[in-house]
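This briefing is meant for a reader meeting the structure for the first time. Please keep the sequence and the model at hand while reading.

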Amino acid sequence: QVFARIAGTGSYLPEKVLTNEELSKIVDTSDEWIAARTGIRQRHIAAEGQTTSDLGYHAAMRALEAAGVDAKELDLIVVGTTTPDLIFPSTACLIQHRLGADGCPAFDVNAACSGFVYALTVADKFIRSGAAKTALVIGSETLTRMVDWSDRTTCVLFGDGAGAVVLKADTETGILSTHMHADGGKKELLWNPVGVSVGFKPGEDNAGVRIHMSGNDVFKHAVKALDSVVEETLEANGLDRHDIDWLIPHQANLRIIEATAKRLDMPMERVVVTVDKHGNTSSGSVPLALDTAVRSGKVQRGQLLLLEAFGGGFTWGSALLRY
Ligand code: ACO
C-alpha cells in the first residue's frame, strides 16, 4: 500500500499587519468586540501588487526546502484558492513556472475556505493511485482584496496568507483518510454574487466583488457540519476521539474551533490556534496553522493529526494523517 506522507511544510504571511485597534479607526468596531466574538487580534494584508501566486510561491519554496525536494522532482501541483491572480491561467500554473517545475500537471481547486483540504484530498488520490510520487499542495489567498472595508460584519474577519506541503509516496504511513462534502443549496449564506458569466456591477465598488455573509447562519452550519465530519473521520478509521494528538482546524472563529475541540473532548492545549494572529485566511489557514505548529516543535513525527475546514459553497472536509 502507498500513502501520501507530508515530507515538508512551509508558509508565508505578507509583512503588513492590521490590528483590531487600527480597524476600529476605519469602521465602528472595537478590539473587545472582535476578540470576544472571533478570537482575532490582527491579520496580515498583502502589499499593493502582491498576489495570491506570490504568497503561494514563497510558502511553496519553504515547504520544498523543508522536504529537501527540488522543484524539478514535482509531478503534481494543486493549489486551493478562491482568490486566483487571474481567471486563467490558474494560480498553480503561475507558481509552477516561477518554481521552474514546468511539465507536471498543475491546477487550482476552488472550494472557498475548504480549498486546502480539497486540494490535499486530490493530491492524496493521485499518490495512492500511483499517478504521482511527489506532489506540492498549496492553500493561498488574498481575501482582503474582496473585503468591503465599510462592512464591519465581514471586514474584521479576513486576512491574507499562504501555506504549503510537499507530499511524497511512502510505504509506511501518511494520510490515512480524507472526507469531502458540499451543499450548494446554501450558497447565499456565504458568497460573492458576481463573476465572468453572471456579470460584474461596474457601478459598484470593486465591480461588485465582495464577500456577502450571514455570519450567524454560517456559524451554526459550520459547527454542525464539522461535528459530523469529525465523527465520520473517527468512525472510518476505527478511532476513539482521544486518539488524536493534534486538531488543526480551519481558522475562522475561535468559538467554532472550541466547539469542535469540545466534541473531541480535546483540551485547547492540543488544538493549533493561529486565528488570533492571522484572521481567516480561507484556503491558507489550515496549512499556515500546520506549518506554524511544525516549526514551533509542537507537532512531532509519528503523531496523529486531524485537519478540518468549512467554507462557502457550502463545502467542508477533513483529513486524518500520521505526520
Ligand atoms: N464590531 C462591533 N459590532 C459588530 C461588528 C463589529 N465588527 N459586527 C457586527 N456587530 C454587531 C451587529 O451589528 C449586531 O448588533 P445588533 O445586535 O445591534 O444587531 C451584534 O454585533 C451581534 O451580531 P451577530 O452577527 O449576531 O454576532 P455573532 O455573535 O454571530 O458574531 C460572527 C458574528 C463573528 C461573524 C460570527 O457569526 C461568525 O464567526 N460566523 C461564522 C463566520 C465563518 O465561519 N465564516 C466562515 C467560513 S469563511 C469562508 O468560507 C470564506
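Is Phe-88 buried or exposed? At 70% relative accessibility, Phe-88 counts as exposed, and it should be kept in mind throughout that this is a predicted model.

- Five strands make up an open sheet with mixed pairing, and their order is S1-S7-S6-S4-S5.
- The edges are taken by strand S1 (3-12) and strand S5 (106-109), and because each has a single partner strand, one side of each is left without a neighbour in the sheet.
- On average, neighbouring strands of this sheet are turned by 20° against each other, when direction is ignored.
- Strand S1 runs antiparallel to strand S7 (residues 160-170), and 9 bridges join the two; within this pairing, Gly-8 has Val-166 in S7 as its bridge partner.

**Helices against the sheet**
- Helix H10 (residues 285-295) packs on the sheet, where it touches S1, S6 and S7, and its direction makes about 90° with that of S1.
- Of the 11 residues of H10, 9 are buried, so this helix is largely enclosed by the rest of the structure.
- Among the buried residues of H10 are Val-286, Leu-288, Leu-290 and Val-294, and the list also includes Ser-285 and Asp-291.
- Just after H10, Gly-297 takes a positive phi of about 85°.
- Helix H4 (residues 91-99) lies across strand S4 (76-80), S5 and strand S6 (134-142), and it runs at about 140° to S5.

**A nonpolar patch on the surface**
- Phe-88, the exposed residue of the opening question, lies in the loop between S4 and H4.
- Together with Ile-87, Val-196 and Phe-200, Phe-88 forms a nonpolar patch on the surface, and the accessible area of these residues together is about 510 Å².

**A buried threonine**
- Thr-154 is found in helix H6, which covers residues 152-155.
- Thr-154 counts as buried because its relative accessibility is 1%, and buried here means under 20%.
- When its neighbours within four places in sequence are left aside, Thr-154 is in contact with Asp-148, Ile-211 and Met-213.

Methods:
Residues are numbered from 1 along each chain as its sequence is written. This is a predicted model: local features need pLDDT of at least 70, side-chain atom pairs count only at pLDDT 80 or more; totals for chains, interfaces and linings use all residues. Side-chain values use heavy atoms; hydrogens and water are left out. Helices (H or I, at least four residues) and strands (E, at least two) are DSSP runs, numbered from the N terminus. Buried means under 20% relative accessible area, exposed over 50%, partly exposed in between (1.4 Å probe, protein chains only). Contact means heavy atoms within 4.5 Å. Two strands pair if DSSP finds at least two bridges between them. Axes are lines fitted to C-alpha atoms, for helices over the stretch in contact, and angles run from 0 to 180 degrees between N-to-C directions. Patches are made of residues with over 30% relative accessible area and no salt bridge: like charges are joined within 9 Å, nonpolar side chains (Val, Leu, Ile, Met, Phe, Trp, Tyr) within 5 Å. Accessible areas come from the Shrake-Rupley method with a 1.4 Å probe; for residues, only the protein chains shown count as cover. A salt bridge is a side-chain nitrogen of Lys or Arg within 4 Å of a carboxyl oxygen of Asp or Glu.
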